[in-house]
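Here is a colleague's note to read beside the structure. Keep the model open and find each residue as it comes up.

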Amino acid sequence: MKDSDKAPLDIWRKALENVTPQIEVKSRRIGGANFQVPTELRPERKVSLSMKNMISFARKRSGRSMALCAEIIAAYNNEGGAFKRKEDMHRMAEANKAFAHFRF
């Protein structure tokens, strides 16, 4: 980002923060039915999921040169595949919050 006056490390931290999920859904089998149960994530898993998502969506980008840089900049601007994955994860957890009492 040539026009930005921020340090690259600050941009990386903000991008990582923007794609870090707070909650995920896990499938639990209870009484013969499968429920998507929302669960909170540990801090280590949050970081590993966000990095994994950024790398996987960077690999899926069509322009191969500097694809990871493009994904980091997109995450910094609250867009891109990794950010969409986080939003989908939160939306799924919100839709299934009625099953949160199955957490254990």
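1. Which residues of α3 are buried? They are Ala-67, Glu-71, Ile-72, Ala-74, Ala-75 and Tyr-76. Buried means under 20% relative accessible area, exposed means over 50%, and partly exposed lies in between (1.4 Å probe, protein chains only). The cover over the buried residues of α3 includes α1, α2 and α4. Helices (H or I, at least four residues) and strands (E, at least two) are DSSP runs, numbered from the N terminus.

2. A word on the basis of this note. This is a predicted model, where local features need pLDDT of at least 70, side-chain atom pairs count only at pLDDT 80 or more, and totals for chains, interfaces and linings use all residues. Residues are numbered from 1 along each chain as its sequence is written, and side-chain values use heavy atoms, with hydrogens and water left out.

3. Now the core. A nonpolar core is a set of buried Ala, Val, Leu, Ile, Met, Phe, Trp, Tyr and Cys residues joined through side-chain atoms within 4.5 Å. The largest one here has 11 residues: Ile-11, Ala-15, Leu-16, Val-19, Met-54, Phe-57, Ile-72, Ala-75, Tyr-76, Ala-82 and Phe-83. At least two residues of this core come from each of α1, α2, α3 and α4. The largest share is that of α1, with 4 residues.

4. Take Val-19, one of the core residues. What does Val-19 contact, leaving aside its neighbours within four places in sequence? Its partners are Ser-50, Met-54, Ala-75, Ala-82, Phe-83 and Lys-86. Contact means heavy atoms within 4.5 Å.

5. Next, how the helices cross. Two packed helices are described by the angle between their axes and the distance between the axes. Axes are lines fitted to C-alpha atoms, for helices over the stretch in contact, and angles run from 0 to 180 degrees between N-to-C directions. For α1 and α3, the axes come within 7 Å and cross at roughly 70°. That makes α1 roughly perpendicular to α3. Angles of 65 to 115 degrees count as roughly perpendicular, under 35 as roughly parallel, over 145 as roughly antiparallel and the rest as oblique.

6. The crossing of α1 and α3 is left-handed. In a left-handed crossing the near helix is turned anticlockwise from the far one by less than a right angle; clockwise would be right-handed. On the α1 side, Ile-11, Trp-12, Lys-14, Ala-15, Asn-18 and Val-19 make the contact. On the α3 side, Ile-72, Ala-75 and Tyr-76 do.

7. Compare the pair α1 and α2. Their axes come within 9 Å and cross at roughly 100°. The two helices are therefore roughly perpendicular to each other. Trp-12, Ala-15, Leu-16 and Val-19 in α1 meet Val-47, Ser-50, Met-51 and Met-54 in α2.

8. Is Asn-18 buried or exposed? Asn-18 is buried, at a relative accessible area of 7%. This residue sits in helix α1. Not counting residues up to four places away in sequence, Asn-18 touches Ala-75, Tyr-76, Asn-78, Phe-83 and Lys-86.

9. Asn-53 lies in helix α2. Asn-53 is buried too, with a relative accessible area of 2%. Beyond its neighbours within four places in sequence, Asn-53 is in contact with Ala-82, Arg-85 and Met-89.

10. Check Asn-78, in the loop between α3 and α4. Most residues other than glycine have a negative phi. Asn-78 is not a glycine, yet its phi is positive, about 60°. Its relative accessibility is 39%, so Asn-78 counts as partly exposed.

11. Helix α4 runs over residues 81–95. The expected span of a helix is 1.5 Å times one less than its number of residues. The 15 residues of α4 should therefore span 21 Å, and the end C-alpha atoms are 21 Å apart, which agrees. Its buried residues are Gly-81, Ala-82, Phe-83, Lys-86, Met-89 and Ala-93. These pack against α1, β1, β2, α2 and α3.

12. Last, an exposed residue. Glu-40 is in strand β2. Glu-40 is exposed, with a relative accessible area of 64%. Leaving aside its neighbours within four places in sequence, Glu-40 is in contact with Gln-22, Ile-23 and Arg-103.
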